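Visitor: I would like to learn how to read helices and surfaces in a model. Please take me through one.

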Amino acid sequence: MSQIKSIDEFVNHPENNHLTQKRKNPAIYLLLAVAGIAMIVLNYAVLDQSQAALASTLLLLGAVAVIWGVAGALFNSRKGNAHQIYLPTGERLKSFKVYYNPSEKGALCQAFESGELGRILKLKPEEGSGVMFEAKATPSGSYLVAQVHEYIPHNYRPATDVRDFRASDHPDVTLLVESLRKAQ
């Protein structure tokens, strides 16, 4: 097996010049927090005691906006919160996990390692079983990166190396992505 042990390592590896990561812009959340602060300040600066219902509503909305804005900005600034983008098409990769019967492991691994994706399509998925086919693919099916895992008590471990496929090189990529979408 290669140095790269998982799909996430493969996608994040610096030598993959056809994949990149993109984070959501936290500016909208920061604007929400600023608007919340403005509501709270407006509550104390402008409104008097005769408008108690409006004041308490404005205070509550301001507090919720501040909390939501700060939490959203912090959540989106985390390193692991980035989306993987396939650069040639600009599409975001979607994750799939499909399970197969352990008796199908040999056939699945052999078909995957030889790049015969059509043979994988013929295998019947079985929910919650001991062999997992993990993949990330574009919605159009133009790109797929995948790996087969086997269940060794308490964890799934890689059974194959990570491989990537492009629809231009493997015509069954699009069909396999459709199959993965239906199996989930």
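Guide: The expected span of a helix is 1.5 Å times one less than its number of residues. Helices are DSSP runs (H or I, at least four residues), numbered from the N terminus. This is a predicted model, where local features need pLDDT of at least 70, side-chain atom pairs count only at pLDDT 80 or more, and totals for chains, interfaces and linings use all residues. Residues are numbered from 1 along each chain as its sequence is written, and side-chain values use heavy atoms, with hydrogens and water left out.

Visitor: What span should helix α2 have?

Guide: Helix α2 (residues 27-45) has 19 residues and should span 27 Å; the C-alpha atoms at its ends are 26 Å apart, which agrees.

Visitor: Which residues of α2 are buried?

Guide: Buried means under 20% relative accessible area, exposed over 50%, and partly exposed in between (1.4 Å probe, protein chains only). Ala33, Gly36 and Asn43 are buried in α2. They lie on the same side of α2, because they cover an arc of only 80 degrees around the axis; the arc is that of the directions from the helix axis to the C-beta atoms. Ile28, Leu31, Val34 and Ala45 are exposed on the other side of α2.

Visitor: What does Asn43 touch?

Guide: Contact means heavy atoms within 4.5 Å. Leaving out residues up to four places away in sequence, Asn43 touches Ala55, Leu58 and Leu59. Asn43 counts as buried because its relative accessibility is 6%. The cover over the buried residues of α2 includes α3.

Visitor: Is Trp68 buried or exposed?

Guide: Trp68, in helix α3 (residues 52-76), counts as exposed because its relative accessibility is 55%.

Technical notes. Helix = DSSP H or I, 4+ residues; strand = E, 2+ residues; numbered from the N terminus.
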